[in-house]
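Subject: Structure handover and notes

Dear colleague,

Here is the structure I promised to pass on to you.

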Amino acid sequence: MIEKLRLTCDRLLSHQQLACCHSYCCIPLRGKDVLVYNNMDIQQKPLLLTGHHGDISAMTFGKGSRSVILCSASADYIIVWDIELCARRTLEGKVAAGIVIGTLLGEVVHLSFCFSDERVAACSGATLYVLSSKKQEVISTLTGHLGPLTSAEFCPWSKDILVSTSEDRTFKVWDLKTEAVVYQSFVLSASPLLTVFFLEEDRHLVTGSTDGQVWCFSVNDDHKCRLVTKMDLQKMEKRYQTHQETVNPQAGVSEQSSVDEVETSKPVLKIAACGPFTDTSTDQNKDNSWYCIGSSDGLYVVDLATSELLTALYFKDYPDLSISMAGSWSVSPGCDNSMVVLVSALFTPCLVLLELRSCDLRRIWTCDEGFSVFPSSPPLRESPLNAELKKKESNHPKKKGEIKEYPLVFHSKVKSSGYSSAPRRVMFSPKTNVMKNSSSKKANKNTGLLLRDYPADSAAPTIPCIDLSIVNKQVSCLQYSGDGKQILCGLGDSSVLLYKSSLTASPTVYVGHDKPVSSVSWSLSRQWWLSASEDLSLRIWTHCSSEPAIIMNNNTFSKPIRGAQFYYLDKFLLLASGSSLYMYLYNVDITRDDIKRYQQRSVIKLARCFSTTSATDITALSAINDFLSYIVLVCGSDRSIQVFDMNKGTVASELPDAHSRAVHCITQNQGSVFSSQAPDSYNLFLTSAVTDGLKIWDLRTLSCVRRYESHVNRCHPCSTAISPCGRFIASGSEDNCAYLYDIRSSTYLHKLQKHSDTVLSVTFNPATPELLTGTLDGKLRQFQASSGTRLSHDTSAAVPNLTA
């Protein structure tokens, strides 16, 4: 941060709108005149503009790319100046003159040009005037706010939309064609709103208040606004400082010692776009969702996608600056990868022109070296992944010299003599309709088959097609099989239901747990599946038996199982209990001895037990089973995310304070066998925490890349899911809705309403665009994409008979 120019004024300008662009900045002189400085040549004599009779209260530069124009306002006049024309007239010895576009409109506190520079919005008291920039004409007079206006901005993608903020703590969206309010916000804060800013790329509106609160709204085509996220500048700063102490402990100690003991407020004085830094090492991570906030103690660079503070540039960290507390800001993109900032001092009549270079943004929030879910080398020789089950030896070892027993016949099968069968009456009977029957059977067999390839460009599944009531117990967990033909449903009444994907037939009921089922998981081969319960037990089931093939009872674990699944192409069984991560080898044997019927022939053996770094209890677990991967993600009750490298058997990295609460759900982007994604997409994973929304992370950088907060999650562990195509995110919610997000945007795409209770579980069909939701009161709803066929049938036959 470089101080290019320091100006001493004849009066205090702490709360006055300043004007700055890439090539010029201006200040009021003696209250009534304007001095325009050239940012490229500070030594050049400033341009003097005269014409006002009252004290200048607001100034702003135009946004067009043609000539540079300036608008200044006082209680008597609002004048538009052509800077280059005024400079030429001054060199010719003539008086520089502007165009008066408004007269006697009161004390104007804020001015703003539209993006074509044809109109000017002027805020005076509680009235908003829209003026022509070419002649003296009031185009619109807008009233409706209950308090004085503080700012107004034109919408960049809709020229007839104007947004205003006021001290009444609300903002209004105006339609200039009808001069009517198309949207009015609720009262956002106990403090006045000061500024508003548009992010054109995402079509978002951002506003901030004097108490450091920042709100982001998405603006729809009908110009209705939906809240995307709410941020607190002080909380973001604390998280940023904590992270800096973790990454660089020495810098953290020095920063902590220099922090003032008295906590000061951080008003959002200005919100502006972040400059185009293209030559920095962080350009690969740069996103159009970056913006900067000017506050009283410095400049804050925020990533709207993650709601996190990227960089904090404090005045106190630059002792050469002539300013320590700011009263107002004007931010503009500069030349040569820089930003130009004009700041007025809060308590002294002083103005400072600052230049922000790309090197000032190199303190971006980054972590250690990232990882990839795809292994880059074969397993180590001593890797836990090389563990194998020893084959069982025979209970009766062979004696030396013992004569082997041979069968009485030389064939493994002996043909029946036929004495017990009825005599044959017909020697030959030709089958004349073989082809016809086979084709009809084939047609019947293919009826209802799922799609072979998942449509990558399909719409999100939003059309309800099936409503099914199971029992009056919560649907704790849901999962489709890998081929999408079957569904596992874990219930709060300790049972597991196995449905066909159509949900039309009665399910197969599996009972044995004593408490609610917490998780279910299919094996990759789809031959067996597991269920874990709050009764500290885990069971592995098969299709051909109602009795579990493997039972791990409550004597094995002392704490509930918080996550269980198959891992490493079904080689291992992975589960978490307490602060330990267990990896078991197993062999499922479904054969049974009629005499020793209850003797379990399946084998399960502990291969390795891992512990978290801080001995914190594990709250969620995720690993990829569809392909070989060394990475296992574990979330702890201390709000951390730990990355286990199972090839080395160690915790490779840890992300502290990933959420403000402990993570209750973690979901990796695994795709499916029916779809293909870019390899880097599989490095994304989701985490969800109560009261803290969703976050999507990238293993390559070990950082959060986007945040989703539109759904409601205050107390229940609502789950999340990523679609097989990798484009959509589904989340449960406590407002009796399920939310569908576009993975590239923080605002939700669809709100699936009319659920009977809190949506606890969501899952996507891996083979076709379908979404299945489960509620707290035991209801299932299936949604299809708009291009799919809408089903309508009676589902009363699908209600399970739990008493059977």
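Predicted model: local features only at pLDDT ≥ 70, side-chain atom pairs only at ≥ 80, totals over all residues.

The secondary structure of the protein chain comes to 4 helices and 56 strands, and of its 804 residues 53% count as buried. Among the contacts with a separation of 6 or more, 54% are between residues 24 or more positions apart. The accessible surface is about 38100 Å², with 50% of that area belonging to carbon and sulfur atoms.

Strand 47 (residues 684-689) and strand 48 (residues 694-698) run antiparallel and are joined by 5 bridges, with leucine 684 having aspartate 698 in strand 48 as its bridge partner.

Leaving aside neighbours within four places in sequence, the residues in contact with methionine 59 include Leu18, Cys26, Ile27, Val34, Leu70, Cys71 and Leu111.

Aspartate 777 lies in the loop between strand 55 (770-775) and strand 56 (779-784), and this residue is buried, with a relative accessible area of 14%. What do the side chains of aspartate 777 and serine 756 form? They are joined by a polar contact of 2.7 Å, and a polar contact of 2.5 Å joins the side chains of aspartate 777 and threonine 775. Not counting residues up to four places away in sequence, aspartate 777 touches Val471, Asn472, Lys473, Ser756 and Asp757.

Some backbone angles deserve a look as well. Most residues other than glycine have a negative phi. Arginine 203, however, has a positive phi near 55 degrees; this arginine is in the loop between strand 18 (193-199) and strand 19 (204-209) and counts as partly exposed at 36% relative accessibility. Tyrosine 568 also has a positive phi, near 60 degrees, and is found in the loop between strand 38 (561-567) and strand 39 (572-577), where tyrosine 568 is buried with a relative accessible area of 10%.

Helix 1 (residues 83-91) can be inspected at both ends. At its start, a side-chain oxygen of aspartate 82 reaches to within 3.4 Å of the backbone nitrogen of glutamate 84, while just after helix 1, glycine 93 takes a positive phi of about 85 degrees.

Finally, the count of salt bridges comes to 26. In one of them, arginine 239 pairs with glutamate 308, the closest N and O atoms being 3.1 Å apart. Arginine 239 lies in helix 2 (residues 233-247) and glutamate 308 in strand 25 (residues 308-314), so the pair ties together parts that are 69 residues apart in sequence. Arginine 239 is partly exposed, with a relative accessible area of 31%, whereas glutamate 308 counts as buried at 7%. Both residues belong to a network of salt bridges that links Arg239, Glu308, Asp692, Lys695, Arg707 and Glu709.

Another salt bridge joins arginine 639 to aspartate 657, with the closest N and O atoms 2.5 Å apart. Arginine 639 is in the loop between strand 43 (631-636) and strand 44 (641-645), and aspartate 657 in the loop between strand 45 (650-655) and strand 46, 18 residues apart.

How values were computed. Residues numbered from 1 in each chain as written. Heavy atoms only, no water. Helix = DSSP H or I, 4+ residues; strand = E, 2+ residues; numbered from the N terminus. Buried < 20%, exposed > 50% of the residue type's maximum accessible area, 1.4 Å probe, protein only. Contact = heavy atoms within 4.5 Å. Areas by Shrake-Rupley, 256 points an atom, 1.4 Å probe, with all protein chains shown as cover. Polar contact = N/O pair within 3.5 Å; in protein donor to acceptor, adjacent residues only side chain to side chain. Pairing = 2+ DSSP bridges. Salt bridge = Lys/Arg side-chain N within 4 Å of Asp/Glu carboxyl O.
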